[in-house]
Amino acid sequence: MPTQIPKSAFRLIKNVMIKENITQNDIKNVVKEFVETSDITDKILLVCPDITRYHSHAGEIACALYEALKEKADVTVMIALGTHEGMTRAEAEKMYPTIPF
């Protein structure tokens, strides 16, 4: 059975879409709720945007997810480039500072 996404995650997504202020605490609370209510124990793939989406909070969200899940599962991060060039190490470290590449 797939893990259900908590309702607080949808509130966070809505706030990002309407460009309200999102705090680190908001992100951590949603991630905490997700991890506590999920049964993830095996593998997880985080598909994340590249540096062109730097201001989307995707980096902060991915880092929070990685940090929360790395002890519970084998976490792999894949950067979705689309038609963009690959990210440099400096760009990856800027957008995803707590995720090892």
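Among contacts in the protein between residues at least 6 apart in sequence, 77% join residues at least 24 apart. Contact here means heavy atoms within 4.5 Å. This is a predicted model, in which local features need pLDDT of at least 70, side-chain atom pairs count only at pLDDT 80 or more, and totals for chains, interfaces and linings use all residues. Residues are numbered from 1 along each chain as its sequence is written, and side-chain values use heavy atoms, with hydrogens and water left out.

Start with confidence. The score is pLDDT, the predictor's confidence in each residue, from 0 to 100. The protein averages 83, and 81% of the residues score at least 70. Helix α1 (residues 7-17) has the lowest confidence, at a mean of 66, while α4 has the highest, at 94. Where pLDDT is low, the predicted coordinates should not be read in detail.

Next, the layout. The secondary structure comes to four helices and two strands. Along the sequence the pattern runs α-α-β-α-β-α. Helices (H or I, at least four residues) and strands (E, at least two) are DSSP runs, numbered from the N terminus. The accessible surface comes to about 7000 Å², and 55% of that belongs to carbon and sulfur atoms. Accessible areas come from the Shrake-Rupley method with a 1.4 Å probe; for residues, only the protein chains shown count as cover.

Now go inside. Buried residues make up 33% of the 101 residues. Buried means under 20% relative accessible area, exposed over 50%, and partly exposed in between (1.4 Å probe, protein chains only). In soluble globular proteins, nonpolar side chains tend to be buried together. The largest nonpolar core here has 24 residues, of which L46, L69, Y96 and I99 touch the most other members. Such a core is a set of buried Ala, Val, Leu, Ile, Met, Phe, Trp, Tyr and Cys residues joined through side-chain atoms within 4.5 Å. The elements that give two or more residues to this core are α2 (24-37), β1, α3, β2 (74-80) and α4 (89-95). Helix α3 gives the most, with seven residues.

Two residues show how the parts meet. A62 is found in helix α3 and counts as buried, at 4% relative accessibility. Not counting residues up to four places away in sequence, A62 touches L46, C48, Y96 and I99. A62 and V77 are 15 residues apart in sequence, yet their C-alpha atoms are 8.6 Å apart in space. Leaving aside neighbours within four places in sequence, Y96 is in contact with C48, P49, A58, G59, A62, C63, I79, M87 and F101.

Two of those partners of Y96 are cysteines, C48 and C63. A disulfide is a pair of cysteine sulfur atoms within 2.5 Å. The sulfur of C48 is 8.3 Å from the closest cysteine sulfur, in C63, so the gap is too far for a bond. C63 is likewise in no disulfide. C48 is buried, with a relative accessible area of 5%. C63 is buried too, at 8%.

Finish at H57, in the loop between β1 (43-49) and α3 (58-69). H57 has a positive phi of about 75° although it is not a glycine. H57 is buried, with a relative accessible area of 18%. The H57 side chain makes a polar contact with the side chain of E60 (2.9 Å). A polar contact is a pair of N or O atoms within 3.5 Å; within protein, one must be able to donate a hydrogen and the other to accept it, and residues adjacent in sequence count only if both atoms are side-chain atoms.
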